[in-house]
Amino acid sequence: RIGTCGGIGIPPGTVVISNKLFNAFLKPEHITMILGRPVTRPAVLDPTVTDEIYQCGKDGDFQPILGGTLCANDFYEGGGCMNGAVCEYSQQDQMKYLRTLQQAGVVNFEMESIPLASLCKMTGIRAAVCCVCLIDRLQGDQVTISPETYEYRPCTLLLKYLRKKLEMENHPFVTHS
């Protein structure tokens, strides 16, 4: 998965390569409903792919970080935002929650990683998550930068990773210079 995210204690523009996923209960599992019953499945990423992507970024124009990712159920309340149509908690409660997440190793929020990782694990597909942070949630809830400033970063990193993998396999689509 590539995309954007909100950060916790990291500046906008930081590329996060997830090395652990957390659901709302701070567990690396996907809880879904099947035939009216809750089913829990592991949601883990491929550590080799994760590390290979991270290594590809170490010598680039920006330095990615490895960190835990919270997969929220929704954009506003699930992510602890104060600027949604409904908010039934105080800013003090929000900050306490964000600090709890930070202490658990969470550095960013997004909303797709847990079901994706669970499905990929079940089907034997190697998966990783790479997102660029648009906001430090410890500084507020409103994105103040233009996403276009940084949104190319995960794509650039993953294209570098794919090119390296294809070169290692001497793939005919890769020209050698």
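Student: In what order do the elements of the chain run from the N terminus on?

Tutor: Helices (H or I, at least four residues) and strands (E, at least two) are DSSP runs, numbered from the N terminus. Here the order is β-β-β-β-α-β-α-β-α-β-α, with four helices and seven strands in the chain. This is a predicted model, in which local features need pLDDT of at least 70, side-chain atom pairs count only at pLDDT 80 or more, and totals for chains, interfaces and linings use all residues. Residues are numbered from 1 along each chain as its sequence is written, and side-chain values use heavy atoms, with hydrogens and water left out.

Student: What does the radius of gyration of the chain agree with?

Tutor: The radius of gyration is taken over C-alpha atoms, and the globule rule is 2.2 Å times the number of residues to the power 0.38. For 177 residues, a compact globule would have a value near 16 Å; the chain has 17 Å, which agrees. The C-alpha trace spans about 60 × 45 × 25 Å along its principal axes.

Student: What share of the contacts joins residues 24 or more positions apart?

Tutor: Contact means heavy atoms within 4.5 Å. Among contacts in the chain with a separation of 6 or more, residues 24 or more positions apart account for 75%.

Student: Where does Asn 108 lie, and which residues does Asn 108 touch?

Tutor: Asn 108 belongs to strand 6 (residues 106-110). Its relative accessibility is 0%, so Asn 108 counts as buried. Not counting residues up to four places away in sequence, Asn 108 touches Cys 5, Gly 6, Gly 7, Ile 8, Val 16, Gly 68, Thr 69, Leu 70 and Cys 131.

Student: Is Gln 142 buried or exposed?

Tutor: Gln 142 has a relative accessible area of 55% and is therefore exposed. This residue is found in the loop between strand 7 (130-136) and helix 4. Apart from neighbours within four places in sequence, Gln 142 is in contact with Asn 83 and Ile 135. Gln 142 and Arg 41 are 101 residues apart in sequence, and their C-alpha atoms are 33 Å apart in space.

Student: How far apart are the mean positions of the positive and negative charges?

Tutor: Lys and Arg count as positive and Asp and Glu as negative; His and the chain ends are not counted. The place of a charge is taken as NZ of Lys, CZ of Arg, CG of Asp or CD of Glu. The mean positions of the 16 positive and 18 negative charges are 7 Å apart.

Student: How many salt bridges does a search of the whole structure find?

Tutor: Side chains of opposite charge can pair when their charged atoms come close. A salt bridge is a side-chain nitrogen of Lys or Arg within 4 Å of a carboxyl oxygen of Asp or Glu. The search finds seven salt bridges. One of them joins the side chains of Arg 1 and Glu 112 (2.8 Å, N to O). This pair links distant parts of the chain, 111 residues apart: Arg 1 is in the segment before strand 1 (2-7), and Glu 112 is in the loop between strand 6 and helix 3 (113-123). Arg 1 is partly exposed at 23% relative accessibility, as is Glu 112 at 36%.

Student: Which residue forms a salt bridge with Asp 46?

Tutor: The partner of Asp 46 is Arg 126, with the closest N and O atoms 3.1 Å apart. Asp 46 lies in the loop between strand 4 (37-42) and helix 1 (47-57), and Arg 126 in the loop between helix 3 and strand 7, so the pair ties together parts that are 80 residues apart in sequence. Asp 46 is buried, with a relative accessible area of 17%, whereas Arg 126 is partly exposed at 47%.

How values were computed
Buried means under 20% relative accessible area, exposed over 50%, partly exposed in between (1.4 Å probe, protein chains only).
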